[in-house]
Amino acid sequence: RRSDDTTESQTFQGYRLAKTMVLLMAILYLIQVLPATISQFQETIGFSNDTALGRLKAKRRRVRTQFKDRYPQHLGHLLDLFMNILYMNLVYVLNIVNILINS
């Protein structure tokens with residue numbers, strides 16, 4: 001009977017540890033990953049004129065809104081947006097889902 005109590009106690013402690021780790025990972029994502037993602041999103045779209053890349057993206061966005069780009073340029077721009085925004089966000093979401101499922 002004593003070993004059953006010890007096993008239950010260890011299981012409960014393991015469960016508490018797993019929940020604590022999931023909470024810490026969520027906090028880490030909120031503190032570090034989310035602001036970095038927002039910053040990169042603004043830079044990729046062209047709303048952040050603080051860097052050379054942000055200024056270049058802003059000019060690219062102006063060309064696109066005036067419909068003065070060719071089809072390959074338009075396709076390249078869409079691929080760039082997909083690879084820099086959607087892909088990274090999908091990886092972050094999959095990481096969080098994986099952490100929550102395996103905890």
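## Confidence of the model

pLDDT is the predictor's confidence in each residue, on a scale from 0 to 100. The structure described here is a predicted model. For the protein chain, the mean pLDDT is 76, and 85% of the residues reach 70 or more.

Helix α1, which covers residues 2–45, has the lowest confidence, with a mean of 74. Helix α3, covering residues 71–101, has the highest, with a mean of 80.

## Overall arrangement

The protein chain contains three helices and zero strands. Followed along the sequence, its pattern is α-α-α. The chain has 103 residues, of which 16% count as buried.

A nonpolar patch lies on the surface, formed by Leu 23, Leu 24, Ile 27, Leu 30, Ile 31, Leu 34 and Ile 38. Together these residues have about 690 Å² of accessible area.

One of the patch residues, Leu 30, is located in helix α1. Leu 30 counts as exposed because its relative accessibility is 57%, and the cut-off for exposed is over 50%. In general, an α-helix has 3.6 residues a turn, so residues three or four places apart point the same way.

## The loop between α2 and α3

Helix α2 spans residues 52–65, and Phe 67 is found in the loop between α2 and α3. The phi angle of Phe 67 is near 55 degrees, a positive value in a residue that is not glycine. Phe 67 has a relative accessible area of 73% and is therefore exposed.

As a general principle, side chains of opposite charge can pair when their charged atoms come close. Both Asp 69 and Arg 60 are buried.

## Helix α3

Helix α3 has 31 residues, so at 1.5 Å a residue it should span 45 Å. The C-alpha atoms at its ends are 42 Å apart, which agrees with that expectation. The helix also has a kink of about 35 degrees, centred on Phe 82.

Which residues of α3 are buried? They are His 77, Leu 81 and Ile 85.

Definitions and conventions:
Residues numbered from 1 in each chain as written. Heavy atoms only, no water. Buried < 20%, exposed > 50% of the residue type's maximum accessible area, 1.4 Å probe, protein only. Helix = DSSP H or I, 4+ residues; strand = E, 2+ residues; numbered from the N terminus. Patch = residues over 30% accessible without salt bridge, like charges linked within 9 Å, V, L, I, M, F, W, Y side chains within 5 Å. Areas by Shrake-Rupley, 256 points an atom, 1.4 Å probe, with all protein chains shown as cover. Salt bridge = Lys/Arg side-chain N within 4 Å of Asp/Glu carboxyl O. Expected span 1.5 Å × (residues − 1). Bend = angle between axes of the 7 residues up to and from the residue.
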